[in-house]
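Please keep the sequence and the model in view throughout.

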Amino acid sequence: MDAMTPRALTSPINPLHPADWWRVLCFPVDNVAVCGDLDTSSDERAAGQLAEWTSAGITDIVDARGEWSDQSLVARLAPDVAYHWVGTDDLGRGQSDEWFDAGVDAAMGALTDPARKVVVHCHMGVNRGPSMAFAIMLRLGHDPAEALQRIRGARPIAGIIYAHDALRWWHRRIDADTARRSNDRQAVDEWFATNPSNVEWIISNIRRAS
């Protein structure tokens with residue numbers, strides 16, 4: 001399978017095995033990917049994963065984990081890859097405008113060059129990474145519901161639980177009017193209502209498999 005082709009579009013999805021998606025590189029759009037973290041159990045595994053990313057065109061990593069940083073590892077194993085650490089927790093209490101600013105600014109600084117591609121990841125690629133990817137896609141001009149559908153279509157385990165925080169951040173950043181804010185919120189609410197995800201079940205299954 002071509003690493004740049006969303007797996008969800010090329011093969012059946014087995015929702016019984018979320019761990020199968022943990023470290024799969026998923027592209028909701030051509031220049032932004034979402035994934036779980038690097039397998040740092042050995043240099044060989046991490047180097048192999050980094051080679052997969054770079055062969056798919058990845059030039060920049062945006063790491064959303066507050067609990068860990070791979071900056072020195074990436075510098076040693078893949079020195080040509082730019083590493084951006086924008087760590088935060090995943091406690092379900094919401095994310096700040098400052099966090100979205102940091103991640104989106106890092107991604108957009110890379111994407112001004114059409115030859116560069118960004119992977120956004122957290123630990124499992126369920127909440128923080130997909131939510132940051134959603135914010136990046138809003139900045140790139142995607143409709144909110146369309147962006148959510150692209151992320152979930154490419155990465156079925158994506159919970160994207162901070163999407164509403166990202167949307168509020170984006171509305172404040174562009175000074176959206178009341179009608180725009182209301183319409184976007186309604187579209188996002190409707191998308192989640194018709195595309196539910198059992199995030200706790202997904203995370204527990206990945207933990208059991210790790």
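Q: Is D175 buried or exposed?
A: The model is a predicted one, in which local features need pLDDT of at least 70, side-chain atom pairs count only at pLDDT 80 or more, and totals for chains, interfaces and linings use all residues. Residues are numbered from 1 along each chain as its sequence is written, and side-chain values use heavy atoms, with hydrogens and water left out. Buried means under 20% relative accessible area, exposed over 50%, and partly exposed in between, with a 1.4 Å probe and protein chains only. Because its relative accessible area is 62%, D175 is exposed.

Q: Where is D175 placed?
A: Helices (H or I, at least four residues) and strands (E, at least two) are DSSP runs, numbered from the N terminus. Phi of D175 is near 55°, a positive value in a residue other than glycine. The place of D175 is in the loop between α6 and α7 (178–194).

Q: Is I160 buried or exposed?
A: I160 sits in the loop between α5 (144–154) and α6 (163–174). Its phi is near 55°, which is positive although the residue is not glycine. Since the relative accessible area of I160 is 0%, the residue is buried.

Q: Which pattern does the chain follow along the sequence?
A: The chain has 8 helices and 5 strands. Read along the sequence, these elements give the pattern β-β-α-β-α-β-α-β-α-α-α-α-α.

Q: Why does the radius of gyration of the chain agree with a compact globule?
A: The radius of gyration is taken over C-alpha atoms, and the globule rule is 2.2 Å times the number of residues to the power 0.38. The C-alpha atoms fill a box of roughly 50 × 40 × 30 Å along the principal axes. For 210 residues a compact globule would have a radius of gyration near 17 Å, and the chain agrees because its value is 16 Å.

Q: What percentage of the 210 residues in the chain is buried?
A: Among contacts (heavy atoms within 4.5 Å) between residues at least 6 apart in sequence, 67% join residues at least 24 apart. As for burial, the buried share of the 210 residues is 47%.

Q: Which residues does V120 touch, not counting residues up to four places away in sequence?
A: V120 lies in strand β5 (residues 118–121). With a relative accessible area of 0%, V120 is buried. Beyond those sequence neighbours, V120 touches V32, A33, V34, C35, V62, G129, M132, A133 and I136.

Q: How many Å separate the C-alpha atoms of F100 and P130?
A: F100 belongs to helix α3 (residues 97–111) and is buried, with a relative accessible area of 0%. Not counting residues up to four places away in sequence, F100 touches several residues, including Y162 and W169. F100 and P130 are 30 residues apart along the chain, and their C-alpha atoms are separated by 12 Å.

Q: How far apart in space are C122 and I206, C-alpha to C-alpha?
A: C122 is found in the loop between β5 and α4 (128–139), and it counts as buried because its relative accessibility is 3%. Leaving aside neighbours within four places in sequence, its contacts include C35, D37 and R65. C122 and I206 are 84 residues apart in sequence, and in space the distance is 14 Å.

Q: Which helix gives the most to the lining of the largest pocket?
A: On a 1 Å grid over the protein atoms alone, a pocket is an open set of points where a 1.4 Å probe fits, with protein on both sides within 12 Å along at least five of seven lines, and lining residues have an atom within 4 Å of a point. The largest pocket is lined by 17 residues, of which D90, M124, N127, I203 and R207 lie nearest its centre. The helix that gives the most, with 5 residues, is α8 (residues 199–209).
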